[in-house]
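Dear colleague,

I am passing on the structure we spoke about, together with some notes on what turned up in it. Please have it open while you read.

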Amino acid sequence: MKPFRYLLAACLLAPPVAQAQTAQWKPIEKVETYAISGQTGPELYASIGERGPTIGKGKARAIAYTNFKLTWVRDYQPRGDACVLASARPKLIITYTLPKPSKPLPATVQKSWEVFAAGIAAHEKVHGEAIADMVRQIEAVSVGLTVPGDPGCKKIRTELTRRLSELSQTQRQASREFDRVEFGQGGNMQRLIVGLLMGR
């Protein structure tokens with residue numbers, strides 16, 4: 001049985017920024033579950049394939065999914081002939097969607113399920129931490145951004161969008177690479193799937 005295609009929200013482990021800057025906010029993390037059925041590893045995995053969240057234009061099924069909502073409160077200030085982004089405060093909500101059996105499992109299956117579920121959650125947590133790091137990186141390149149000849153603070157928004165677009169493309173690529181390794185031959189996710197199917 002082949003593992004399902006897995007897609008993730010864009011993210012990249014970013015270089016750490018100053019402690020004083022990161023201490024000002026923390027992400028809000030939520031966990032949502034979707035119900036699956038079955039009393040054996042193969043049945044549970046098949047149910048994941050039928051009921052897992054659909055992602056992307058192709059509506060591919062995922063085992064689990066990490067999504068986020070990011071909003072900003074930005075303070076653009078005209079200073080002479082220039083515009084300065086004086087502050088940018090994010091509100092980040094990260095939501096993990098994970099599978100959960102709808103009925104109690106036999107003891108031996110429960111043990112292998114717990115290993116599988118813990119591994120899936122840990123995988124998603126890496127993505128969540130990377131999303132938070134991405135936001136800190138955005139914050140670092142945003143605050144203090146100055147665009148001359150922009151007293152109306154219009155050009156600075158275009159410049160900020162351009163910079164963040166470049167960061168986003170790099171970060172999406174890093175996220176895809178992480179999943180490629182995790183789901184590849186001998187990868188962590190592949191081992192977890194085999195362990196569930198084999199009852200390990």
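Predicted model: local features only at pLDDT ≥ 70, side-chain atom pairs only at ≥ 80, totals over all residues.

Residues are numbered from 1 along each chain as its sequence is written, and side-chain values use heavy atoms, with hydrogens and water left out.

The structure holds one disulfide, a term that here stands for a pair of cysteine sulfur atoms within 2.5 Å. It is formed by Cys83 and Cys153, whose sulfur atoms are 2.1 Å apart, and the link is right-handed, with 100 degrees about the S-S bond. The pair joins distant parts of the chain, since Cys83 is in strand E5 and Cys153 in the loop between E6 and H4, 70 residues apart. (Helices, H or I of at least four residues, and strands, E of at least two, are DSSP runs numbered from the N terminus.) Both cysteines are buried, meaning under 20% relative accessible area with a 1.4 Å probe and protein chains only, where exposed is over 50% and partly exposed lies in between.

Val147, in strand E6 (residues 146-147), is also buried, with a relative accessible area of 11%. Not counting residues up to four places away in sequence, Val147 touches Ala82, Cys83, Lys155, Ile156 and Glu159, where contact means heavy atoms within 4.5 Å.

The largest nonpolar core has 37 residues, and those with the most contacts inside it are Ile63, Trp113, Phe116 and Ile156; such a core is a set of buried Ala, Val, Leu, Ile, Met, Phe, Trp, Tyr and Cys residues joined through side-chain atoms within 4.5 Å. Helix H3 gives the largest share of this core, nine residues. Leaving aside neighbours within four places in sequence, Phe116 is in contact with Ile48, Ile63, Leu192, Ile193 and Leu196.

Finally, Asp179 in helix H4 (residues 155-183) is buried yet has no salt bridge, and the nearest side chain of opposite charge, Arg176, is 8.9 Å away. (A salt bridge is a side-chain nitrogen of Lys or Arg within 4 Å of a carboxyl oxygen of Asp or Glu; Lys and Arg count as positive and Asp and Glu as negative, with His and the chain ends not counted.) The side chain of Asp179 does make a polar contact with that of His127, at 3.1 Å; a polar contact is a pair of N or O atoms within 3.5 Å, of which, within protein, one must be able to donate a hydrogen and the other to accept it, and residues adjacent in sequence count only if both atoms are side-chain atoms.

With best regards
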